[in-house]
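Hi there,

Here is the structure I promised to pass on. Please have a look, and then read on for my notes.

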Amino acid sequence: MNKFSRIGFILTAAGSAVGLGNIWRFPYITGEYGGGAFILVYLLAILFIGLTVFLAEAVIGQNGQADVSTSFVTLSKTKNKNWKYAGFMVATGLIILSFYSVVLGWILDYMIKSFVFLPTEAKIAGENFENLISNDISSLLLYHTIIAVTVVFIVLKGIKEGIEKINLILMPLLGLILFGLLIYAFTLDSFSQAVSFMFSPDFSKIDSNALLAALGQAFFTLSLGVGTILTYSASLPKNANIVKSSFIVASVDTMIALVAGLIIFTFLFTAGAKSAAGPGLVFISLPVIFSSWGILGNIIAVSFFLALVFAGITSAVSMIEPSLRFFIERFKISRVKATILCGTTFYILGIIALLSMSKSFGEVLTFFGKNAFDIMDFASSSIMMPIAAIMICIFLGYFVEKKTLEEKFTKHTSYTIFSIWYFLIRYIVPVAIIILFLNKLGAI
């Protein structure tokens, strides 16, 4: 199995972490919870929750040097084969990829249309978006197919020639586009208002819902609980500094979210729009704002949606790799066969997801009051990911020799940092994730 270079791992892991959650979800959630205070809570959650679990996955993967199931068994104190069932988390990535590909199709549609058309009113923008997801099945099938073929083509090339290479290209391009948009935002009068909104805390806006939202965003933005970081880390040399690399990845992920927030809030405030634009921010609010800027608006719109496509592709590729490695190593099949199997699975599930949102098939594909798209989203993000993360914490905290973990950490960092991480993984992070899990289920 090919190994990542150090910079390849950092960019690939960052590509996995940096996705629609950073550029779409983070700004609208920040807007809903009042800006600065929410960001402060979010940064603390990234540092103490997100980074802790990220490091946990990285340690398991780098020590195991194998697929998810085998890595758990190898690292356990007693080599207990029951830990192979931890491999269930690879299915989460395929489920997420199924509907993620559909959302990327929406973005691809908006990028193409932005060359020549932008809606001038929020009502028109809303109707256009509703028509796309409810009626335009042929376009969505085409875009979903394009995304699926792209993902399959990349992963067929393998770790070095496929996944690492595409991230070495797309991540710098994403950075350049966002940097260009940030420079333009800096020239606008409302940039200072955006900075003030994002970095001047108003703690009256913080309640239990805001705390849970910050915890959820910190957890999900780093691709935790789907086996991606574990699988990528298994393709690192055993002597690589996993602690330093993890800090860099978390920093890049957070920086891109903050930059995206500055850009989007500057655009919103320039147009006199509200910061709390909600989930419709990208597909309804921003296109209307861009339309008022003439041809410059078209250029910025295309650049913005292209950045979203790049971020989405790097994340999409990461979601399929854990299942590929699982099938390759556990069932001894070729990468080509594993890719065809996993690619076909998420492609078919994606078709079911997009049809479930249409007027023609929505009723048939609705179960217990939720359409198939929402069921996949809920099952993966609200159930499977939190359970996997809790399991990872319990495994490292109680079923792995402390000395093994200590040796891994103290090669690259101080015993104090290891002690803090070990305390968090045993006592703090599992409780925080359980609270988030119960909240997602509506139990609290």
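This is a predicted model: local features need pLDDT of at least 70, side-chain atom pairs count only at pLDDT 80 or more; totals for chains, interfaces and linings use all residues.

**Confidence and overall fold**

Among the elements of the protein, the mean pLDDT is lowest for helix H10 (residues 208-221), at 84, and highest for helix H15 (residues 335-356), at 97. The average pLDDT over the protein is 91, and 98% of the residues score at least 70.

In secondary structure, the protein has 18 helices and 2 strands. The C-alpha trace spans about 65 × 45 × 45 Å along its principal axes. A compact globule of 444 residues would have a radius of gyration near 22 Å, and the 21 Å found for the protein agrees with that. Of the 444 residues, 59% count as buried. Among contacts with a separation of 6 or more, 82% are between residues 24 or more positions apart. The protein exposes about 17,400 Å², with carbon and sulfur atoms supplying 67% of that area.

**Helix H9**

Which residues of helix H9 (residues 191-199) are buried? They are Phe191, Ala194, Phe197 and Met198. Seen down the axis of H9, these buried residues fall within an arc of 120 degrees, so they line one face of the helix. They pack against helix H2 (20-32), helix H3 (36-64), helix H8 (158-186) and helix H12 (242-270).

Threonine 314 lies in helix H14 (residues 294-330). Its relative accessible area is 2%, so with the cut-off for buried at under 20%, threonine 314 is buried. What lies 2.9 Å from a polar atom of the side chain of threonine 314? That is the backbone oxygen of glycine 15. Setting aside residues up to four places away in sequence, threonine 314 touches Gly15, Ser16, Val18, Asn167, Leu170 and Met171.

Threonine 231 is found in helix H11 (residues 228-233). Threonine 231 also counts as buried, at 2% relative accessibility. A polar atom of its side chain lies 2.7 Å from the backbone oxygen of glycine 227. Apart from neighbours within four places in sequence, threonine 231 is in contact with Val68, Glu321, Pro322 and Arg325.

Best wishes

Conventions
Residues are numbered from 1 along each chain as its sequence is written. Side-chain values use heavy atoms; hydrogens and water are left out. pLDDT is the predictor's confidence in each residue, from 0 to 100. Helices (H or I, at least four residues) and strands (E, at least two) are DSSP runs, numbered from the N terminus. Buried means under 20% relative accessible area, exposed over 50%, partly exposed in between (1.4 Å probe, protein chains only). The arc is that of the directions from the helix axis to the C-beta atoms. Contact means heavy atoms within 4.5 Å. The radius of gyration is taken over C-alpha atoms; the globule rule is 2.2 Å times the number of residues to the power 0.38. Accessible areas come from the Shrake-Rupley method with a 1.4 Å probe; for residues, only the protein chains shown count as cover. A polar contact is a pair of N or O atoms within 3.5 Å; within protein, one must be able to donate a hydrogen and the other to accept it, and residues adjacent in sequence count only if both atoms are side-chain atoms.
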